[in-house]
Structure formats: structure tokens, C-alpha cells
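Reader: I'm new to this one. Could you walk me through it, question by question?

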Amino acid sequence: QNRQPGIEAQMDPAPEYIKNSYQGSGKLAGKVALITGGDSGIGRAVSVHFAREGADVAIVYLDEDVDANETKRLVEAEGQTCILLKGDVKNVDFCKKAVADTADQLGKLNILVNNAGMQFPQKDPKSIDEQQLEDTFRTNIFAYFHFANQALEHLQEGDCIINTTSVTAYRSSPNLIDYSSTKGAITSFTRSLATNLADKKIRVNAVAPGPVWTPLIVATFDEEKIKSFGSETAMKRAGQPSELASAYVFLASEDASFITGQVIHVNGGEVVNG
Ligand code: NAD
């Protein structure tokens, strides 16, 4: 993704990956989690919070080695093991290999977090070319299927899948038509897969973030959009990655043992229609 120089300085406040007040209490002790896009933004916060709760973490990431290494350092600082799996989730063979490598290297897989995502804002639908459409769908929804399918080789009773959808699945998004379509699909995928896997006692849920300060925002929105980012929420601000991560911890833990097929909206009170 094309990160625009200079705009990063306008991100106010800078991304906060761990809430200083957040105390882990072993909710995920002994668990192994695989987090796609776990290197950056929301995924990084989830990786670090999971580690703080006692989980070992496998991180799938595309190309930002600096981000991935920094996240690994943060996970290891919590006393947990972290492995880095570099590759493109658009590639089905890579998805399969990443799950197999996680189980091989960390001994098992208990929690899959399908979180890697990308967006290209557009002025009108005609400007979405075939390649962009394919890339967006392959990254944002096809990969979620591939990781889930492969993870089912390893997930046992009591384990779970958490998918990152978006507030854009619940409101009109005229400049993110393809992206919001994939996010709508993730919501339906979550509900249907949850029902399908209920007999196996594997829970499937989703988190729908509203505006959150992450590198994705800096890379893809223009200066004007960044200036007003979050102003449409009831709380009149964008969230921090750490404010999302606690929802993932809750869904991954025994605290959510009777919750499946649901979406938790973490969005500062943004009005949603769904
Ligand atoms: P981010 O750019 O910080 O992190 C996304 C990560 O996904 C990247 O660092 C990259 O490693 C990974 N990724 C992207 N394409 C990949 C590919 N083809 N193969 C492998 N890895 C790939 O962005 P973020 O804001 O933390 O986004 C995380 C999720 O949250 C995404 O699904 C996004 O759609 C969703 N989301 C974000 C916001 C927001 O305001 N930031 C709002 C709603 C939903």
C-alpha cells in the first residue's frame, strides 16, 4: 500500500496498541492463536493483548517486515512465543501452509482471527477495475474461507474463529463500494459458519470496527478525510487499536462461551442500520 509521507504526523493521537490500564488475567493461557494481518493496526493490538492473556501467537503479514518484527518484540515482551508467517493471503496455498506451519511450530491451533484487509477508496463504481475487484474480494473474504477451512483441521471443541468485518457492512459507503460489499459478506459468513459449526462446539463471531487510527487509514484516505476521521461518531473521535482488542479477547475467551454467530460493534456510537 502506498503510504503518504507527511500525513502520518496528522494522526492524532498516534496509534495506541496496548492500554496501559489493561491487565491480563490468563484468560487465554495455553492457547495458540493465528492472526492474519497481526503485524499492524488492529491486528497488532490483538496480538499483544492475546499475549498479555497468555496465548502464543502466529502472525500472518504481507510485506512490512519492520511492523512484523516490532509486533513480535511486543508479544515476546509479554513472555509468549511469536512466529511470523510472511505471504499473500490471496494465495490459497499460502493460507493452507500458514495454518499448517502454526500447528507444526506452536503445537496446535485454538483461535483463528481472520483480520487482514485492504481497501481502495473510489469516486464512482466505474473506477473499480477488474483487478481491484478481484484483489479486494480475494483478500477480504476468499482468504477468510481458506483460513477457516484449513483451521478446521486443527480446531477442537471450545476453540473459535473471530472475523473482522466493518461498520461499512451496516451503512451506505459510497466511496468504498467493493470493500463494504466484502464486509457485508463477512457478516453473513460469520453467521452461517457459526450455525454450521455449532455441533462441533466451535464458536464463530465477528468484530465490526468503526473508524480506528491504523496505518490502513493513513495509507488510503486523503488529507481531508483524515482530518475529519471519526467526527461522524457519537463520541466525535476515531478509536485506538487497543480499544478494539479487548472485544477480541472477550470473544476468544470462556467469557463468551454462549456467544456464536454474533457481531460486536466497536465504533464510538456510530449510527448503524443493521
Ligand atoms: P492495517 O493496514 O494496519 O493492517 C492490515 C494488515 O493486513 C497489513 O499490515 C497486512 O499485513 C495485512 N494484509 C493486507 N493485505 C494482505 C495480504 N494480501 N496478505 C497478507 N496480509 C495482508 O489495517 P487495520 O485498520 O488494522 O485493518 C485490520 C482490519 O480491520 C481490516 O480487515 C480492515 O478492513 C478492518 N477495519 C479497519 C477499520 C479502521 O478504521 N482502521 C475500520 C473497519 C474495519
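Here is a short chat about the model, starting with how it was made.

Author: This is a predicted model, where local features need pLDDT of at least 70, side-chain atom pairs count only at pLDDT 80 or more, and totals for chains, interfaces and linings use all residues. Residues are numbered from 1 along each chain as its sequence is written.

Reader: What pLDDT does the protein average?
Author: pLDDT is the predictor's confidence in each residue, from 0 to 100. In this protein, 93% of the residues score at least 70, and the average is 92.

Reader: Over which residues is the pLDDT below 50, and how many contacts does this stretch have beyond near neighbours in sequence?
Author: A contact here means two C-beta atoms, placed from the backbone, within 7 Å. The pLDDT is below 50 over residues 1–7, and beyond near neighbours in sequence the contacts of this stretch number 11.

Reader: How many helices and strands does the protein have?
Author: Helices (H or I, at least four residues) and strands (E, at least two) are DSSP runs, numbered from the N terminus. Going by that, the protein has seven strands and eight helices.

Reader: Why is the protein said to be as compact as a globular protein of that length?
Author: The radius of gyration is taken over C-alpha atoms, and the globule rule is 2.2 Å times the number of residues to the power 0.38. For 274 residues the rule gives 19 Å, and the protein is close to that, so it counts as that compact, with a radius of gyration of 17 Å.

Reader: Which residues come nearest to the ligand?
Author: A residue is near a molecule or strand if its C-beta atom, placed from the backbone, lies within 6 Å of it. There are 27 residues around the ligand, and those that come nearest are G37, S40, G41, G117 and L216.

Reader: Which elements give two or more residues to that shell?
Author: Two or more residues of the shell around the ligand come from each of these elements: α1 (41–52), β2 (56–61) and α6 (215–220).

Reader: Is K201 buried, exposed or partly exposed, and where is it?
Author: Buried means 20 or more other C-beta atoms within 10 Å of a residue's own, exposed means 12 or fewer, and partly exposed is in between, with C-beta atoms placed from the backbone. K201 sits in the loop between α5 (177–197) and β6 (203–209). K201 has 14 other C-beta atoms within 10 Å, so it is partly exposed.

Reader: What about K236: buried or exposed?
Author: K236 is in the loop between α7 (223–227) and α8 (241–252). K236 has a positive phi of about 60° although it is not a glycine. With 10 other C-beta atoms within 10 Å, K236 is exposed.
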